Amino acid sequence: MTDPAEVLLPTSETGIPITLIPAGEWENTRRRLSAVARAWCEANAFQGQPGRSLAVPGSSGAIEQVLAGGQGDAGGFALSRLCRVLPEGNYRLAGTPADASLIALGWCLEAYGFAAYRKTPQTVARLVCPPGVDRAAVLSAARASYLVRDLVNTPASDMGPEELEAAASKLARAHKAKFTVVSGKALEKGFPMIHAVGRASPRAPRLIDFTWGPARAPKVTLVGKGVCFDTGGLDIKPASGMALMKKDMGGAANVLGLAQMIMDAKLKVRLRVLIPAVENAISGNAFRPGDVLRSRKGITVEIGNTDAEGRLVLGDALALADEEAPELLIDMATLTGAARVALGPDLPPFYTDDDELADSIARAGRAENDPVWRLPLWQAYNRLFESSVADLNNAGESGFAGSITAALFLKRFVEKARAHVHFDVFAWTPSALPGRPRGGEAQAMRALFRVIRERYA
């Protein structure tokens, strides 16, 4: 499915009813069924179990209604599995549950398929948008997720710095945003760490920069890591470590999806998007372990490991973002394996020293079924990336607290922003979940949109 509007139909359409059965409500539901339907449920050992559904035929043999058990652990996305389980056709919810918007969104997200390299026909069941649900808002969130997934799923052969620039430019043009790119000598002079990380690749590094909205509106700046492929550089990754490195631009993809939602909603902000787009490759001019780089901010960084490149390109981009003191500065990056070890693939950590902002993000994550978890900016761990020859070491000698030290490293490049939050996302679903097919994934995007919308509606 390439457009969620094809699967979430207008409320005026008709469809086969789907009856949701909350936990503990099976007997009440059963009593309201016809004798034939009760017998059908008994024959199929269906008792409204969480995660189970049953299509109930009518007298003609066609499906008359669908019974669906409780949500289980998947929350509002649990019903999305029906999108692929049910025969092709139109369906509607019987009644309007409290989480109808999440059910509609999960249905759209489940329908996604990445078909750029194969044209296998895909048939899915369609859902009539429940009454009272803002269909346009659901479609905006779904389309933003489709954008993120498409960008992350595209192999690096077709998604290098130039192609990432093209995707950002297309989005900017669609919303009449001002779009610029810094590359070549200007990049080397103004953003030396971005240039150093990307210079070994024949695919030239660049800094993508676009702005949208009134100049006097509150400034919201999004920075996304755009490492389109990461070999690890001279500290080369093993084959297993490189297998998913096409997704190392997942931070950039997520901020583009978030930007699309903000612009679609016409929020009253001055939006700026910054994406350092590079490929961390190997050649004779690759940056080396032990090199000392001078950042845009003037901070010198000793290279402890060339595979800790994401924080280098983000450091220069954050320094630029910070120069205009935005109201809210958000950076997103597929930054550390340590974050996955700590919280797994589904729960991205975030870091901020703004308690009010942290609370609002956590609440939004729960409300949007977009889970996130705050980890601490533990200042004592600054010692873990000290250098004897420069201001900082990009990796340090210890493997402890890798996600926290990466966040602390980035914090050194932000001084003027009123609020700053860093997200260490995985941007990938390794095993399919309801509403989350295997592959590239938008993480924290919907939660952040909710926070920004509430702040700047």
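**Group meeting: strands, cores and cysteines**

Strand S7, residues 178-183, pairs with S8 through six bridges in the antiparallel sense. Strands here are DSSP runs of E with at least two residues, numbered from the N terminus, and two strands pair if DSSP finds at least two bridges between them. Before going on: this is a predicted model, where local features need pLDDT of at least 70, side-chain atom pairs count only at pLDDT 80 or more, and totals for chains, interfaces and linings use all residues. Residues are numbered from 1 along each chain as its sequence is written, and side-chain values use heavy atoms, with hydrogens and water left out.

Back to S8, residues 206-212. Six of its seven residues are buried, so the strand is mostly covered; buried means under 20% relative accessible area, exposed over 50%, and partly exposed in between, with a 1.4 Å probe and protein chains only. S8 also pairs with strand S11, residues 270-280, in the antiparallel sense over seven bridges. Look at Arg206: its bridge partner is Ser183, and in S11 Arg206 stands opposite Ala277.

Ala277 turns up again in the contacts of Leu164, which also touches Ile208, Cys228 and Met249, among others, leaving aside residues up to four places away in sequence. Contact means heavy atoms within 4.5 Å. Leu164 is among the residues with the most contacts inside the largest nonpolar core, along with Phe210, Leu222, Ile262 and Phe423. That core has 89 residues. By nonpolar core I mean a set of buried Ala, Val, Leu, Ile, Met, Phe, Trp, Tyr and Cys residues joined through side-chain atoms within 4.5 Å. A second, separate core has 40 residues, including Val223, Val227, Leu329 and Phe413.

Next, another sheet. Three strands form an open sheet with mixed pairing, in the order S12-S13-S17. Its edge strands, each pairing on one side only, are S12 (292-294) and S17 (392-393). S13, residues 300-302, runs parallel to S17, and two bridges join them. In one of the pairs, Glu302 has Asn393 of S17 as its bridge partner.

Notes: Helix = DSSP H or I, 4+ residues; strand = E, 2+ residues; numbered from the N terminus.
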